Amino acid sequence: MPESSERTKTPPGDARAGRSATAGLLLALAITLAAVVAYSWYVTRQISGLRELQTSITERNRKDSLQLLRIQNNLNEIGLGMRDMLDNVEPYPLTAFQGQFQRMRTDLDDAIRREQELSVANRTPEQRQYLESSVAQFWNAVDRIFDLARNGREDEARVQIRLSLQARLAALSTAVARLLVENNESEQQAAARVIGIYDRVQRQAYIFLAATLAAIVLTSVLLIRSNRQLFRQLATLSEQRSDLARTLIAAQESTLSYVSRELHDEFGQILTAIGAMLTRLTKRTPDVQLHAELREIRDVAQSALDKTRTLSQALHPVMLDEAGLEQSLDWYLPTVERQTGIALSYEKSGAQFEVSRKAGVHIYRVVQEALNNIKRHSGSQRAWVRLHFSPEVLEVEIEDHGCGFTTPIASRGIGLVGMRERAHLIGGELSITRPSEGGTLVRLRVPRAKAVDLQSQTELAR
């Protein structure tokens, strides 16, 4: 009991390997998704701010600058008009310029109104009030000059133009130029903010990329570690299964060999002795009727002896140990043909070599199981068994043209599993295919190095 309890204990490493990595993988996935969501939200906010900056400041500033240039252009036209009024080259009175100034006033007022609607948010109310009041005062002065001109006081009006209007116009031009400079500075600041946003987004993109790669690497390492543990467990289970199959098959062969030997030796000798005793008793008894009954009993004993020997050979042919695989198949196939009624075609080809007892037992059992499957499931009345020797491999084929495998794999029993395990034990390869004519083709390929009798090979080398 203590020994069995120690064998059932699981090593700490196996316990850790048995734990599922699902929790760690889900945690890594959650962290990665959270990082993606957070970065997407951050980028969305930055893009939204950038769009607002470009729309509300840069674009608005550009349009405001265009209106300021329009105002500046209007002021330049007004300055040219005042120059014409002062030059007095043409013999026109000052009142003749009033219509031209009225048109320029209308355009200038419209430009100022539009500029005030588009003016940037950082402009102070005092700046806006100064421009508006300065323009109003300028036009008031213009109106007074034209009033003087209408009253015949043109010389005084020209003096007012030189002393007052030109100074006011210069002040307005300076104010507009200052606003243009401020707009230019505001555009530069907006451009710097845009560059800053791009830099932050780029920096955050690198950080996010590094974090994502780290999460991917961590997840991949965890997944690889989990897969390695899983494959290690599968390899251990496969090795344990192979050991178990090897043990079971060895136990089966040992049992069958023991039962076969007991049937052949013990029961065979008993039935042989009974037959000999009945023969002697028949010779010593003069009663004719008793002779007939004794012969009948002797025939029954002989029949039981024949069946015992047949059963013994079926369980474990003695000639496998004595004569080898080929002679065993030479005896077994006609026996199967007689017992099942299936016509068997047996073909041998290639340069024959001696097969080891270990490989011969497993190959014999594969052929036996394949023929049993043909008898039970295929419904075919004809089958082919081919044994081919080549310099590299020993190949055995069992073919029939019956119904093939029509049932699910789970319901086929352990016969196919046993065949594959036997093939694996001798280093062979078992394949089950469907030939073009229908039915089933079982092919077993065993490398010559695995199939050859090592003892005979050693003796030949000597």
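At 56% relative accessibility, Phe231 counts as exposed (exposed means over 50% relative accessible area, buried under 20%, partly exposed in between, with a 1.4 Å probe and protein chains only). Keep in mind that this is a predicted model, where local features need pLDDT of at least 70 and side-chain atom pairs count only at pLDDT 80 or more, while totals for chains, interfaces and linings use all residues. Residues are numbered from 1 along each chain as its sequence is written, and side-chain values use heavy atoms, with hydrogens and water left out.

**The chain overall**
- The protein chain has 13 helices and 5 strands (DSSP runs numbered from the N terminus: helices are H or I with at least four residues, strands are E with at least two).
- Of the 462 residues in the protein chain, 35% are buried.

**The patch around Phe231**
- Phe231 sits in helix H6 (residues 154-284).
- Together with Leu230, Leu234 and Leu237, Phe231 forms a nonpolar surface patch with about 410 Å² of accessible area.
- Patch residues have over 30% relative accessible area and no salt bridge; like charges are joined within 9 Å, nonpolar side chains (Val, Leu, Ile, Met, Phe, Trp, Tyr) within 5 Å.
- A salt bridge here is a side-chain nitrogen of Lys or Arg within 4 Å of a carboxyl oxygen of Asp or Glu.

**The sheet**
- The 5 strands make an open sheet with mixed pairing, in the order E1-E2-E3-E5-E4 (two strands pair if DSSP finds at least two bridges between them).
- Its edge strands are E1 (343-349) and E4 (429-433), each pairing on one side only.
- Strands E3 (residues 393-400) and E5 (residues 440-447) run antiparallel and are joined by 8 bridges.
- Across that pair, Ile398 stands opposite Val442 in E5.

- Helix H11 (residues 415-425) lies across E4 and E5, at about 145 degrees to E4.
- Asn373 belongs to H10, and counts as buried because its relative accessibility is 16%.
- Leaving aside neighbours within four places in sequence, Asn373 is in contact with Ser378, Leu416 and Met419.

Conventions. Contact = heavy atoms within 4.5 Å. Axes fitted to C-alpha atoms, helices over the stretch in contact; angles between N-to-C directions. Areas by Shrake-Rupley, 256 points an atom, 1.4 Å probe, with all protein chains shown as cover.
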